[in-house]
Structure formats: structure tokens, C-alpha cells
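Have a look at the model below, then read on.

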Amino acid sequence: MTDVGIDGIEVRTGKLKLDLAETFAPEKGEEPGKYTKGLGLFASSLPDVYEDIVTMAANASHRLMERKGLEPEDIGRIDVATESAFDNSKPVSTYVAGCLEQVYDGDFHHANKGERKFACISGTQALDDAYNWIRAGRNRGRKALVIATDTALYARDDPGEATQGAGAVAMLIDEDPDVVAFSTEQGYGSADETDFLKPNQQFPSVDGKRSVQVYLARMREALEDFEAAGGDTHPDNFAFIPFHTPFPGMVRKAAGLGYRHCIRGTDVEEELAGEIGRQPRREAFDSEEEYFEAVKEYTDALTETDTYTEWYEQTIDPTLDISREVGNWYTGSVHIARASGLKRALEEGRAVTGKKLLVGSYGSGAQAEIHAETIVEGWESEIEALNIDEQIEARYDLSFEEYEEIHDVHNHEAETDIEPRTTPEGEFAFDGWGRMGERK
Ligand code: HMG
């Protein structure tokens, strides 16, 4: 069976930066450590006034198509995953296609376009749809363009405000891919939850503390389901484990619990038994509460061991490099975690071709999904082509007053004709309705 997976990736960040330690913390009367150490975030990316989910998506997609030498006719499917859509009828992918058609002779007349919604997990769901379309043989040799794009903004003074971000990830899905090939096994954990909602409103209503617990519960269920599907979860068998990353501190929690779950009954649990004992087993306790308390104690001891620390440094920490600088991109977040891990592998010269990734996607509402990927030949040049470091470096560093002004614009509370802080250069830029995504 021919491999199907990600053939190319491009990442586009919003062009403004909110520094959490220098700019945000003093205004909020908080210690910078709450953000940099507790949440694990240094900065958020925000869109300038001429940027939005369409322009970021179109700019990422254009760079990807140029780099891969593609014409519109080569693409048979365009799916956008977003939770920041502004149109309840016309999918964002049609706006993106409209932008791209300005710069190509051909068009996307025969491409199937759609929009996927399930909070942050919809980017991964769109990858699945593309995978299934190709596997079903309906693609006629054409590729799928999957774009995860969001402006992840919270109301001011909401606890989530520190985790904001904005950016797009464009991914090309094809046979014989150059980055990763997808596994057939998948696992899901899914339940009707109301921890994070946006019912016809610009900013989410969030029960932040509860959302953390729901994330952990659904992720554990997805792991169990993945194992039931025959998926391997031994933590030493993966080069990286990219998780959905609303903030790196969330992944720190998920990684500790996930590691405990996955070493159960393995050589790793056995090797650590002399140091921290064996994992508590449910049947040894009278109540759920006592059992959970014992699990928590074991996990705390486990995450202090050298074995865990070394594993975390190798397998998890590299996936957080980009997220620390840009914040939560909702649908794009797990996909920048994958790119981030591969980027670190390239920087450190790690030989990861043929090695596996275990990908943990999540969306509030709520659903987690686990699948595996194999890193394939060609990944080095694809990852080397990313210019995300340059984009991060080039962002305009906002003062707190400028941040508030920009935030109001994106919440449609202020006129959009305030002065941009950056200048559009050879890119799609929002220039008022009706002139959407004009290339400057
Ligand atoms: P908070 O309640 O203001 O923060 O916001 P906190 O008081 O819990 O502090 C955060 C951490 O910093 C804690 O660490 C503190 O101890 C630590 P923890 O105990 O959790 O390990 N801390 C410090 N550390 C070092 N030095 C200091 C210091 N001070 C404190 N000086 C909250 C946290 C998660 C509630 C907030 O960020 C929030 O509401 N975020 C939005 C919701 C969210 O991101 N949830 C995550 C799971 S749901 C999800 O991922 C889905 C989502 O992406 C949406 C979608 O799917 O569409 C959000």
C-alpha cells in the first residue's frame, strides 16, 4: 500500500508580538514567571490590522505551492480548519482559493472545498478527510491542501488572555509524501462537554481550569482506544510526541500522565520499580479517590526521575519551541508542534528518518485523537525550507496600549482603519470587505 501523508508544510504567524514577561505581566500585576515558567509561554503572535484567517492561510498556502512547484490544477481538494470563521455559509477555503487565483493563471474550479469545525482538533480531522479521499482513490492523482488557520483571541482579563495567538499552517497531503506518512490506527476519546464554547460570539466562554481536566481525560481515553486498535504506545518508540499545545504547561501535564499510562507493564516500569515502586493498581484500593491519589503520587515521583527527564527533553521539549514564542493557534497548534519537533531534529542533526511520531490532537467540546506517523525521506529539506524563525524575529513588538487597540479592532469594537504597525510586502492583505485578500 502506498504511503499517504504530509508532503509539505508552511507556517505563517501573525506579524505582531505581545511579550508576556516584559509587556503583559506588569500590566496584569503578575510575576513574569506565571507565564514563562507556569504556562511556559514567552510571547503571543497577533494579526496586524490587514491580517486575518484568510490572509494568513493564503500566504502560507502560496509559499507552499511555490516551493512545491504546484499549479491550482494539481490540487483536488482544499479544506480549511478554523474556529475563527466569519461566514456561516461560504467556507473560508473559497476565500483562500480566491486569493490564490489572483496570482496563478489557472484556477481551482474542479477542487472540492470545505470547512471543518471541531475546535482545535478540526485540523487533524481535515487531514483525515484528505487521507481518506486519497486512499479511496478519488483524487485522480491530485493533492489535497489542508489549512489550519485561527486568530485565537480571548476577552481582555479572561485567564486565557495570556495564551492567545494567531497563525496558519498549510499542509499538502499526497501519496509518497516527503515529511510523514500516516498510520491506519487511530484512537478517540470524545464526550459532550461545555468547557470552551463560541456560540455566535467573537471570544470564547471558557472554564479554563475545567478545560485542563477535560483535555487530560479525553487524551487518556484516546490513548486507550489507540491501544485497543493495536497501536503501539511504548514511549521509547517515538522520536517526538507532538500534542495539541494551548500552552506548553498543558503539555507538561499531559506528557507526565501519558508517560505513566504508557509504561504500565513495560520494561520501563520494571526498571524504575527499585527507585519509585510499581504503579498503583485499581484493585488494591477501596475507592476511586484513594486510587487517584496514589496515581498522582506515583506520577509526581515518576516525573522527577532521570529516566523521565531525559525522555521529556528528547521527545516532548522540542515540540514546544515554536509554541513558546507564538501562543495557541487553536487548529494549527498540534501541527506547529510536529513542525517544531522536526525542526529541532534538523538543528541537532538527529537521524530520525524511519522513526515514529505519536500525535495527540485535541479540541474542546470535547475530543482527543491519537495516531502515529512515520518520518519519511525528504523531511530534512522540507523542514529546512521553513522560515518561521525569521517570521518570529521580524514581528513588531507591541506596547500594551497598542495591544489593546489591536485587540479592539479584531473584536470589531474599533474602526479597522487604524494604522498598521507593519507594512504588507508581496503578500495577501485584507483591505476592507469586497477587496478581500488583495495581494500587495
Ligand atoms: P490561571 O488560572 O490564570 O493560571 O490560568 P494559574 O493560576 O493556574 O497559573 C498557571 C500555572 O502557573 C500554574 O501551574 C501555577 O502554579 C503557575 P500548574 O499548577 O498548573 O502547574 N505559576 C507560576 N509558576 C512560576 N512562577 C510563578 C507562577 N505563578 C503561577 N510566579 C488557565 C490558567 C489554564 C485557566 C488559563 O490559561 C486559561 O483559561 N486558558 C484558556 C483555556 C485553555 O487553554 N485550556 C487548556 C485545555 S483546553 C484546550 O486546549 C482547547 C483550546 O485550545 C480550545 C480549543 O480546543 O478550541 C483552549
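This is a predicted model: local features need pLDDT of at least 70, side-chain atom pairs count only at pLDDT 80 or more; totals for chains, interfaces and linings use all residues.

Helices here are DSSP runs of H or I with at least four residues, strands are E runs of at least two, and both are numbered from the N terminus.

Who does the touching (heavy atoms within 4.5 Å)? On the α1 side, Leu20, Ala21, Phe24, Ala25 and Lys28 make the contact, and on the α2 side Pro32, Tyr35 and Thr36. Sorted by class, that's 6 nonpolar, 1 polar and 1 charged.

## Around the ligand

Of the 29 residues around the ligand, Glu83, Cys120, Lys209, Ser211 and Lys253 come nearest; to count as near, a residue needs a heavy atom within 4 Å. By class, the shell holds 13 nonpolar, 10 polar and 6 charged residues.

Oxygen atoms of the ligand also pair up with the protein: a polar side-chain atom of Lys209 lies 2.5 Å from one, and an N or O atom in the side chain of Asn328 is 3.0 Å from one. Taken alone, the ligand exposes 1,100 Å², and the protein buries 74% of that (Shrake-Rupley areas with a 1.4 Å probe).

Residues are numbered from 1 along each chain as its sequence is written. Local features need pLDDT of at least 70, side-chain atom pairs count only at pLDDT 80 or more, totals for chains, interfaces and linings use all residues, and side-chain values use heavy atoms, leaving out hydrogens and water.

How values were computed: Contact means heavy atoms within 4.5 Å. Ala, Val, Leu, Ile, Met, Phe, Trp, Tyr, Cys and Pro count as nonpolar, Asp, Glu, Lys and Arg as charged, and the others, Gly among them, as polar. A polar contact is a pair of N or O atoms within 3.5 Å; within protein, one must be able to donate a hydrogen and the other to accept it, and residues adjacent in sequence count only if both atoms are side-chain atoms.
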